Amino acid sequence: MEELKPRFANSCPLTPLGFLERAATVYGDCISVVYDDLSYTWSQTHTRCLRVASCIESCLGVKKGQVVSVVAPNVPAMYELNFAVPMAGVVLNNINTRLNAVTISVMLRHSESKLVFVDQLSVRLVLDAVSLFPKNTPTPLLVLIADNITGENLTVEDREHFVCCYEDLVEKGDDKTFKWVRPISEWDPIVLNYTSGTTSSPKGVVHSHRSVFVVTLDSLIDWGVPKQPVYLWTLPMFHANGWGYTWGIAAVGGTNICLRRFDGEIIFNLIRRHRVTHMCAAPIVLNMLSNSPNAEPLPNPVHVMTGGAPPPAAVLLRTESLGFVISHGYGMTEMLGVVVSCAWKREWNRLPATEQARLKSRQGVRTAAMMEVDVVDPNSGVSVKRDGLTMGEIVLKGSSIMLGYLKNSAATAKCIRADGWFYTGDMAVMHPDGYLEIKDRSKDVIISGGENVSSVEVESALYSHPAVDEAAVVACPDEYWGETPFAFVTLKKGMRVRPTEKEILEYCREKLAHFMVPKVVVFRDKLPKTSTGKIQKFTLKEIVKTMGYSSSSSSYGVGRARM
Ligand SMILES: Nc1ncnc2c1ncn2[C@@H]1O[C@H](COP(=O)(O)OP(=O)(O)OP(=O)(O)O)[C@@H](O)[C@H]1O
């Protein structure tokens with residue numbers, strides 16, 4: 001068989017971009033995108049993307065391999081640009097609209113972005129970001145994504161910064177003779193996404209056409225997405241391309257329900273109006289839905305993929321009781337989408353709901369296309385015992401792993417190691433049934449008297465308290481124990497009786513081993529979050545420090561007695 005070698009016919013480069021062309025053929029007359037009263041068919045979406053792609057080089061002068069950024073929420077142009085930008089042979093860089101001008105300026109310079117598509121409501125933000133470029137540094141061209149729905153009018157001076165509007169490109173682009181640019185190699189970069197900055201400054205993650213192709217199809221299979229779902233865009237497309245579902249929904253000819261912003265009421269209304277079948281949502285959004293005053297049982301089941309942070313069992317339970325069918329996946333910007341998921345076993349349906357929620361809060365097993373996943377001792381690289389107790393670091397091997405961090409070979413080498421594994425920085429245990437469960441990020445593990453305290457476990461206990469809205473637990477320096485758990489809690493709105501710190505601590509004592517019980521609980525109106533909605537534990541750790549707090553000292557900045 002030695003003469004049987006790969007040839008062009010069986011090894012042409014993998015890319016997710018072809019999903020769009022196919023959707024236009026198969027689902028041409030079906031609705032692709034809905035936004036307020038506007039809708040397009042797949043045939044129209046295909047044409048619009050080709051037209052925009054055709055202008056990126058010819059009118060706007062961006063060359064193959066250069067970077068084009070988008071600063072926009074989940075509006076139709078944002079969806080289209082996930083195809084149109086790489087169809088022009090350039091690298092797509094979606095930027096979070098919730099970042100500040102300084103961070104965006106750093107990202108635009110770091111990526112050497114040549115062109116930025118700017119949503120109408122992000123105009124000031126991007127103009128401020130560009131104004132921070134050092135003198136004599138080339139600035140990117142700007143294209144305005146105008147949107148009447150915003151009701152916001154731009155000044156003439158602001159408009160002058162833009163070379164044109166997005167719809168001008170759709171109008172003058174060429175969908176007849178333009179051929180979208182296929183990658184020469186499937187390893188060619190397709191996207192540059194910055195990480196959330198939960199543990200350190202955001203890093204620029206570069207993915208190839210190949211990794212995106214694999215993770216997109218893998219995510220559809222893993223979640224069991226059928227043909228033509230109605231998909232509600234609650235997950236920002238600027239967050240790792242919506243975990244790959246920007247391209248995935250085209251692969252299955254679904255309908256993308258776009259929305260600029262949301263709250264519980266908007267989500268429940270859109271679910272009813274469009275008969276939504278699928279959506280992705282971080283645990284924080286599930287919490288918001290289940291605590292929403294509009295929460296009522298759904299008319300039809302809505303499948304939700306949750307991930308991005310550990311979903312507390314109590315939150316899963318509350319959300320499922322409304323009719324949401326939750327799947328739980330784990331991933332990171334470095335893998336783009338879900339690579340480990342809590343694959344559900346039919347026999348678990350017979351268990352009580354609380355037990356089902358507990359099992360579902362585990363991150364689970366590798367998806368079908370991921371090659372290997374393990375939990376290892378980070379120093380020796382040896383697998384930890386499958387006892388559900390011994391903590392180690394999650395490591396992975398597979399095609400969905402990024403090419404590396406842009407201009408940061410040291411950080412790349414730190415996680416993609418010579419032993420052939422990708423080190424995630426997430427600490428987990430492996431259960432006897434082969435399902436892993438995250439206990440912490442390595443930077444957040446609390447070591448108290450030599451025992452590892454999982455902040456995730458303590459938070460999970462706090463979330464099960466009926467008055468607790470959000471909870472975060474961080475390490476507090478302690479002269480005797482080394483570190484002790486310190487809890488920050490927000491309470492649900494409209495509670496008639498607010499629990500005291502003592503009551504919360506007693507509640508924790510009933511649920512947790514003694515050494516895991518927080519020494520202090522501080523009530524806050526809200527917790528600091530990253531631009532992707534994750535609780536910023538490093539900020540909370542700073543707060544503990546600035547409170548002058550050491551749980552062994554007698555002088556507490558917050559004036560509390562030690563429990
Ligand atoms: N299902 C999940 N359960 C627990 N944690 C999760 C889950 N999914 C994702 N995460 C957490 O989110 C991380 C990935 O987040 P993301 O790529 O958005 O950036 P970040 O890691 O938060 O930011 P930075 O790398 O800049 O600190 C994972 O490493 C993990 O800690």
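**Sheets, helices and a ligand shell in a predicted model**

Visitor: How many residues of helix H17 are buried?
Guide: In this predicted model, helix H17 spans residues 455-463 and is mostly covered, with 9 of its 9 residues buried.

Visitor: Which residues are the buried ones in H17?
Guide: The buried residues of H17 are Ser455, Val456, Glu457, Val458, Glu459, Ser460, Ala461, Leu462 and Tyr463.

Visitor: And helix H13, is it mostly covered or mostly open?
Guide: Helix H13, residues 283-290, is mostly covered, since 7 of its 8 residues are buried. These are Pro283, Ile284, Val285, Leu286, Asn287, Met288 and Leu289.

Visitor: What covers the buried residues of H13?
Guide: The cover includes helix H12 (264-274), strand E12 (278-281), E13, H14 and strand E24 (468-478).

Visitor: Let us turn to the sheets. In what order do the 9 strands of the open sheet run?
Guide: The order is E2-E1-E11-E10-E12-E13-E14-E15-E16, and the pairing is mixed. Strand E2 (38-41) and strand E16 (365-366) stand at the edges with a single partner strand each, so one side of each has no neighbour in the sheet.

Visitor: Which helix packs on that sheet, touching E1 and E2?
Guide: Helix H4, residues 76-87, packs on the sheet and touches strand E1 (31-35), E2 and strand E11 (255-257). The direction of H4 makes about 140° with that of E1.

Visitor: How do E12 and E13 pair, parallel or antiparallel?
Guide: E12 and E13 run parallel and are joined by 4 bridges. As one of the positions along this pair, His278 stands opposite His303 in E13.

Visitor: What about E13 and E14, in which sense do they pair?
Guide: Strand E13 (residues 302-306) pairs with E14 in the parallel sense, over 5 bridges. Val304 has Ile326 in E14 as its bridge partner. With helix H14 (residues 313-320), the strands E13 and E14 make a right-handed β-α-β unit.

Visitor: How does E14 join E15?
Guide: E14 and strand E15 (residues 338-341) run antiparallel, with 3 bridges between them. The bridge partner of Gly329 in E15 is Ser341. E14 and E15 form a hairpin with 6 residues between them, and in the turn Leu336 has a positive phi of about 70°.

Visitor: Why is E14 called largely enclosed?
Guide: Because 7 of the 8 residues of E14 are buried, the strand is largely enclosed by the rest of the structure.

Visitor: Now the ligand. How many residues surround it, and which are the closest?
Guide: The ligand is surrounded by 24 residues, the closest being Thr195, Thr198, Thr199, Met332 and Thr333. The shell divides into 6 nonpolar, 14 polar and 4 charged residues.

Visitor: E20 and E21 are new here. In which open sheet of 4 strands do they lie?
Guide: They lie in an antiparallel sheet with the order E17-E18-E20-E21. Its edge strands are strand E17 (370-376) and E21, each of which pairs on one side only. The twist averages 45° from one strand to the next.

Visitor: How many bridges join E17 to E18?
Guide: E17 and strand E18 (residues 392-398) run antiparallel and are joined by 6 bridges. Met370 stands opposite Gly398 in E18.

Visitor: Back to backbone angles: what is the phi of Gln228?
Guide: Gln228 has a positive phi of about 55°, although it is not a glycine. Most residues other than glycine have a negative phi. Gln228 is found in the loop between helix H9 (209-223) and strand E10 (230-232), and it is partly exposed, with 16 other C-beta atoms within 10 Å.

Visitor: And Ala240, where is it placed?
Guide: Ala240 is in helix H10, residues 240-243. Its phi is near 50°, a positive value in a residue other than glycine. Ala240 is buried, with 28 other C-beta atoms within 10 Å.

Conventions: Residues are numbered from 1 along each chain as its sequence is written. This is a predicted model: local features need pLDDT of at least 70, side-chain atom pairs count only at pLDDT 80 or more; totals for chains, interfaces and linings use all residues. A residue is near a molecule or strand if its C-beta atom, placed from the backbone, lies within 6 Å of it. Ala, Val, Leu, Ile, Met, Phe, Trp, Tyr, Cys and Pro count as nonpolar, Asp, Glu, Lys and Arg as charged, and the others, Gly among them, as polar. Two strands pair if DSSP finds at least two bridges between them. Helices (H or I, at least four residues) and strands (E, at least two) are DSSP runs, numbered from the N terminus. Axes are lines fitted to C-alpha atoms, for helices over the stretch in contact, and angles run from 0 to 180 degrees between N-to-C directions. A residue is buried if 20 or more other C-beta atoms lie within 10 Å of its own, exposed if 12 or fewer, and partly exposed in between; C-beta atoms are placed from the backbone. A crossover is right-handed if, with the strands pointing away from the viewer, the path from the first strand over the helix to the second runs clockwise. Two residues are in contact if their C-beta atoms, placed from the backbone, lie within 7 Å.
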